[in-house]
Amino acid sequence: MLRVYFGHRTDEIYNTEVYYQNQYDRDWVMDPFAKKIIADIDDSEVIGPDAIKNDIFGVFSSCELSAGVKTLLLMKNQPKKVFNISNCGDNCAKYILELADDRDITVCLHHYMDFGDSFQIRVINDGKRKVISKPEELLFIAHEYLRKELQV
């Protein structure tokens, strides 16, 4: 299940792009999940280990992928780490949920993310561990916790 903490945590990896550059394995992009998200989110094709092709940019390394794809690759390959998914756009939300289908993944979120109409997320702020399944409820909870963080 996806476990979301709204706001900053001390164990959070906030800048996923810098972390990715120092942690990635060039073979990560060869995984079927990686190929799928790179095609969908970045409109690019994996042609080999650490070789991505795009009609506009030509061939480039995975370090040049979008922040969202890098964050998803980190979540897939380092699931015990807590990543900031505010580096992802709403187009990554379905893949974040997919990664959390078969394992618990804890993330930090610093804004409201649109997970669509059908989801289950466990909000873990204040130890409440409340399961949310409605966008409206998620919006109210996100507002409550993120507003508190701004006031500190």
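In the hairpin of S3 and S4, 2 residues lie between the strands, and aspartate 50 takes a positive phi near 60 degrees. The model is predicted. The largest nonpolar core holds 47 residues.

- S3 pairs with strand S4 (residues 51-54) over 3 bridges.
- Valine 46 stands opposite isoleucine 52 in S4.
- Glycine 48 has alanine 51 in S4 as its bridge partner.

- Most residues other than glycine have a negative phi.
- Aspartate 50 is not a glycine, yet its phi is positive, near 60 degrees.
- Aspartate 50 sits in the loop between S3 and S4.
- Its relative accessible area is 16%, so aspartate 50 is buried; the cut-off is under 20%.
- Aspartate 43 also has a positive phi, about 50 degrees, although it is not a glycine.
- Aspartate 43 follows H2 and lies in the loop between H2 and S3.
- Aspartate 43 counts as exposed because its relative accessibility is 62%, and the cut-off for exposed is over 50%.

**Serine 62**

- Serine 62 is placed in the loop between S5 and H3.
- Its relative accessibility is 0%, so serine 62 counts as buried.
- The side chain of serine 62 makes a polar contact with the side chain of tyrosine 20, at 2.8 Å.
- Leaving out residues up to four places away in sequence, serine 62 touches Tyr20, Tyr24, Val29, Asp50, Ile52 and Lys70.
- Tyrosine 20 is itself one of the buried residues of H1.

**Helix H1**

- Thr16, Tyr19 and Tyr20 are buried in helix H1 (residues 16-23).
- Seen down the axis of H1, these buried residues fall within an arc of 105 degrees, so they line one face of the helix.
- Strand S2 (12-13), helix H3 (67-77) and strand S6 (82-84) are among the elements that cover the buried residues of H1.

**Helix H2**

- Helix H2 (residues 32-42) buries Phe33, Ala34, Ile37, Ile38, Ile41 and Asp42.
- These residues cover an arc of only 130 degrees around the axis, so they are on the same side of H2.
- An α-helix has 3.6 residues a turn, so residues three or four places apart point the same way.
- The buried residues of H2 pack against S3, S4, H3 and helix H4 (93-99).
- Aspartate 31 caps the N-terminal end of H2, with a side-chain oxygen 2.9 Å from the backbone nitrogen of phenylalanine 33.

- S6 and S7 run parallel and are joined by 2 bridges.
- Phenylalanine 83 has valine 107 in S7 as its bridge partner.

**The nonpolar core**

- Which residues touch the most other members of the largest nonpolar core? They are Leu2, Phe6, Ile37, Leu73, Ile85, Ile96 and Phe115.
- Two or more residues each come from strand S1 (2-6), H1, H2, H3, H4, strand S7 (105-109), strand S8 (121-123) and helix H5 (135-151).
- Ile37 also belongs to the buried residues of H2.
- Apart from neighbours within four places in sequence, phenylalanine 6 is in contact with Leu109, His111, Val123, Asn125, Leu138, Ile141, Ala142, Tyr145 and Leu146.

Key. Residues are numbered from 1 along each chain as its sequence is written. This is a predicted model: local features need pLDDT of at least 70, side-chain atom pairs count only at pLDDT 80 or more; totals for chains, interfaces and linings use all residues. Side-chain values use heavy atoms; hydrogens and water are left out. Two strands pair if DSSP finds at least two bridges between them. Helices (H or I, at least four residues) and strands (E, at least two) are DSSP runs, numbered from the N terminus. Buried means under 20% relative accessible area, exposed over 50%, partly exposed in between (1.4 Å probe, protein chains only). The arc is that of the directions from the helix axis to the C-beta atoms. Contact means heavy atoms within 4.5 Å. A polar contact is a pair of N or O atoms within 3.5 Å; within protein, one must be able to donate a hydrogen and the other to accept it, and residues adjacent in sequence count only if both atoms are side-chain atoms. A nonpolar core is a set of buried Ala, Val, Leu, Ile, Met, Phe, Trp, Tyr and Cys residues joined through side-chain atoms within 4.5 Å.
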